[in-house]
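Student: I am new to this structure. Please take one part and go through it closely with me.

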Amino acid sequence: IDDPALMRERLTYALARSFGMKAPREVHARVIVNGRYLGLYGAEERVNKRFVEDNFGDEANQVYKFSGIFTDVDDLGDPPARYVPGMCEAHVEKLSPDAAGIRDFVVSLNRGPYETTAAMFDVEVFLREIAVETVTGEEDAILAGPVVEGNVWTNNFYLYKVPKTGKYTVIPWDRNEGYWRLPATAPIT
């Protein structure tokens, strides 16, 4: 719907991977059902247990999708249930969610200090994601918006705690709104 050329995600994910990030792969697919050609589509790799095993090795930890029901990764207080499944949705059915771990991570992001956050979060990967969003002008991701009311609306990313480092990292997804802006006169970055 938002990408008639079917290239935005392919280009954005390729750029993210060139920055050393883990990002889904995407290919074009001609869809034919019962001999009837239905069109050209983009087929995107799912961010799931297999994705993290293929990209990070070792046993997989839980994969969390930011739900998008909050405008940002906000401090919601101490109850872990406010974070999972509210803010972050666990996406691997066979793995237990770690709501307290997500809460501790989000609280650290909001309350600091930086050293504590850096011990829990791959800040370098986050900065690379922000650079990719800025270069592509993506308007439906971590730096989404601002909308008409001036709000930023954080969206479309996964969090994954990498077994080798013990740090959460960002995995982008749904990057079909880069390389454009509405209205057309708006700056792309």
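This is a predicted model: local features need pLDDT of at least 70, side-chain atom pairs count only at pLDDT 80 or more; totals for chains, interfaces and linings use all residues.

Tutor: Start with Arg128, which forms a salt bridge with Glu124. Their closest N and O atoms are 3.6 Å apart. Both residues belong to helix α6, which spans residues 123-136. They sit four residues apart, about one turn of the helix.

Now check the exposure of each partner. Arg128 has a relative accessible area of 27%, so Arg128 is partly exposed. Glu124 is at 44% relative accessibility, so Glu124 counts as partly exposed too. The cut-offs matter here: partly exposed lies between buried, under 20%, and exposed, over 50%.

Next comes Glu133, whose side chain meets that of Arg175 in a salt bridge. The N to O distance is 3.8 Å. This pair links distant parts of the chain. Glu133 is in helix α6, while Arg175 is in the segment after β6 (168-172). The two are 42 residues apart. Glu133 has 3% relative accessibility, so Glu133 counts as buried. Arg175 has a relative accessible area of 2%, so Arg175 is buried as well.

Arg111 lies in helix α4 (residues 99-111), and Asp78 in the loop between β3 (63-66) and α3 (83-87). These two are 33 residues apart. Altogether, the structure holds eight salt bridges.

Key:
Residues are numbered from 1 along each chain as its sequence is written. Side-chain values use heavy atoms; hydrogens and water are left out. A salt bridge is a side-chain nitrogen of Lys or Arg within 4 Å of a carboxyl oxygen of Asp or Glu. Buried means under 20% relative accessible area, exposed over 50%, partly exposed in between (1.4 Å probe, protein chains only).
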